Amino acid sequence: MTGSSQEAGAGLIGAGRLGRALAWVHEAKLGRPPPVWSRRFEQGGVEPGLSARPLEQVLEGVVVISAISNAALYALSHRHKSLFGRFGGLFLLAGADAPDPDLNARAPHATFARIVPVLLPGQAQITTLALRPPADTPAWRQGCACLEALGTLTTVDCERAYSELMILTSPFAAVVRAAIARAITGYLQDRQADPDWLEMALDVASLSLAGTPGLLVHDQGDAGPIATPGGITESGLTALPGISGSLQSALSMMRTRADAPG
Ligand SMILES: NC(=O)c1ccc[n+]([C@@H]2O[C@H](COP(=O)([O-])OP(=O)(O)OC[C@H]3O[C@@H](n4cnc5c(N)ncnc54)[C@H](OP(=O)(O)O)[C@@H]3O)[C@@H](O)[C@H]2O)c1
């Protein structure tokens, strides 16, 4: 397969939770399933809805999303030296662990870019944060076109910015969502509310949080722009220092974990 025949699509390595979700969005957005290789397919596993292909076919494309850990990709490059040695396209590395520096030596003609793909439940699109590779290659530009076809793309060229912002994508959002759900559940339980109200309450809260352009604004240090003085919102915002302090603690713990080896 050549770059022109593959157009904006990508091949996929890995069909775990992330790989399957990426394949689903790819098909929904581009109208065709991506070619997917996953380790278990080699034992004859067939998976409905996935276009399983041998690794060499996936690596015939220009853009390949690696939806396995970078350590697993490195091990794979060891087992398939000649395939990786020939590959001249772009690897979009979705593994959360840092790539092995020797991966470049294993695939000397390839371009590598780390990505954090964020999939919101039920939404057929991906919001991606990418660390731009040092060289602006045609394969990288094709990778950007592919990610933009799947959703929205933000790129940074500073590794430190990438590492810090990575935590603010889905991992931190998951913590915030869990905290909100827990607060709502506790609030209703304290009021001995009908248990059936919980689903409704979570839906109402989700609707009021979702899909608002400019949902997050820079903190101006006071509640002025977002609350009517003396209103319901303002009374809740008096708890803001405690809430934001707790969330900052959660962020610090996530940062420490991200820096820890293994
Ligand atoms: N889930 C997310 O939303 C998300 C988001 C961003 C980044 N990530 C990162 O993406 C990676 C995959 O996440 P996941 O949630 O999809 O994990 P998962 O559901 O546990 O799937 C793991 C995948 O890795 C493959 N794999 C494991 N060891 C391998 C090896 N030695 N050689 C080849 N393939 C191997 C598995 O292959 P088989 O099943 O075929 O054996 C499977 O496709 C992780 O590094 C994760 O941190 C995940």
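Two strands count as paired if DSSP finds at least two bridges between them. Keep that rule in mind while walking through this predicted model.

Take strand S1 (residues 11–13) and strand S2 (residues 35–37). They are joined by 2 bridges, so the pair meets the cut-off of at least two. The two strands run parallel. Leucine 12 stands opposite valine 36 in S2.

Now widen the view to the sheet. In general, strands of a sheet pair through backbone hydrogen bonds, either parallel or antiparallel. Here 8 strands form an open sheet, and its pairing is mixed. The order is S3-S2-S1-S4-S5-S6-S7-S8. At the edges lie strand S3 (51–52) and strand S8 (151–156), each pairing on one side only.

Next comes the whole protein chain. The chain has 12 helices and 8 strands. Its C-alpha trace spans about 65 × 40 × 35 Å along the principal axes. The chain is divided into domain 1 (3–157) and domain 2 (170–259). Taken over C-alpha atoms, the centres of the two domains are 34 Å apart.

How much of the protein chain is buried? Buried residues account for 26% of its 262 residues. Contacts tell another part of the story. Among those between residues at least 6 apart in sequence, 57% join residues at least 24 apart.

H10 covers residues 197–209, which makes 13 residues. From first C-alpha to last, helix H10 reaches 18 Å, close to the 18 Å expected at 1.5 Å a residue. How many of the 13 residues of H10 are buried? The count is 0, and H10 is hardly covered.

Conventions
Residues numbered from 1 in each chain as written. Predicted model: local features only at pLDDT ≥ 70, side-chain atom pairs only at ≥ 80, totals over all residues. Helix = DSSP H or I, 4+ residues; strand = E, 2+ residues; numbered from the N terminus. Expected span 1.5 Å × (residues − 1). Buried ≥ 20, exposed ≤ 12 C-beta atoms within 10 Å, placed from the backbone. Contact = placed C-beta atoms within 7 Å. Domains from an automatic or database assignment.
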